[in-house]
Every structure is written in structure tokens, then in C-alpha cells.
Amino acid sequence: ALEEAVLGCPLDANLHCKLAETYATIGGIDQLQLARKHMAQALELEPDNRRAMFGLVSVANDFLDAVSKKTKKQVVDQHDVEVAKELVKYGADTLLKTYKGTAFYPAVQNVVRAYTEDL
């Protein structure tokens, strides 16, 4: 149903974000790639969407975790892995810039550090 809503309203950043969250909840490498794509689209449509910023960092990181645990039968393009790493870094930098000078900055800094320390 959400996929159809996105087809009907392709410029709605919140719909892309919700669809991405649904894909991320389902999990798995293929679903996480779709989640990453829709989070990135949500940010493309609405660059100040903080939910999509956090979501992009989260799903790209979850994708990297899933890839590290994949079975031998699952094939993952190395380019997709590099893109995911860059998206985590991009999202983390964007979040830090967005929250700089606010009371939330130290908390966001801790969250971002947890996601980026292994990259």
C-alpha cells in the first residue's frame, strides 16, 4: 500500500521516509537497499528532514551489518558497500551540522560516533 502511495505522490518526502522505515523493519540486504534508496529520496525532496537524516544513517549502517553477516550464496556488489559507507558519513556530517549550537548536539554527537566509529 505504501509503494502505491509513493507512486501516487512521488514528491512526498514523508511517504518515502515511511516506506523506507517499512523496508528497514522487514530487513535483509535487498530490503535495506530499498530503504536506503527511499531515505535518500526523502532527503533529496526535503533536505531538512531530520527523520530522514537519522534514517539514512541507520539503514545504511544496517545494510553494512547485514553484508558483514551474509551467507556465501548472497552476492553483494562492493560498490554498494562503498556507497553505504559514504552515506553513513554524509548523513552523520549533515546531522552534526544541523544540530550544531543546540542543546541536542552532544546527544547527536554520541549517536553519530556510534554509527561511524567502525567505518
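Student: Which residues touch the most other members of the largest nonpolar core?

Tutor: The model is predicted, with local features needing pLDDT of at least 70 and side-chain atom pairs pLDDT 80 or more, while totals for chains, interfaces and linings use all residues. Numbering runs from 1 along each chain as its sequence is written, and side-chain values use heavy atoms, without hydrogens and water. A nonpolar core is a set of buried Ala, Val, Leu, Ile, Met, Phe, Trp, Tyr and Cys residues joined through side-chain atoms within 4.5 Å. Of the 33 residues in the largest one, those touching the most other members are M39, F63 and L95.

Student: Which helix supplies the largest share of this core?

Tutor: Helices here are DSSP runs of H or I, at least four residues long, numbered from the N terminus. Helices 2, 3, 4, 5 and 6 each supply at least two core residues. The largest share, 10 residues, comes from helix 4.

Student: Is V108 buried or exposed?

Tutor: V108 lies in helix 6. Buried means under 20% relative accessible area, exposed over 50% and partly exposed in between, with a 1.4 Å probe and protein chains only. V108 has a relative accessible area of 6%, so V108 is buried.

Student: Which residues of helix 6 make the contact with helix 4?

Tutor: The axes of helix 4 and helix 6, lines fitted to C-alpha atoms over the stretch in contact, with angles from 0 to 180 degrees between N-to-C directions, come within 10 Å and cross at roughly 25 degrees. Contact means heavy atoms within 4.5 Å. Helix 4 contributes F54, V57, S58 and N61, and helix 6 contributes V108, V111 and Y115.
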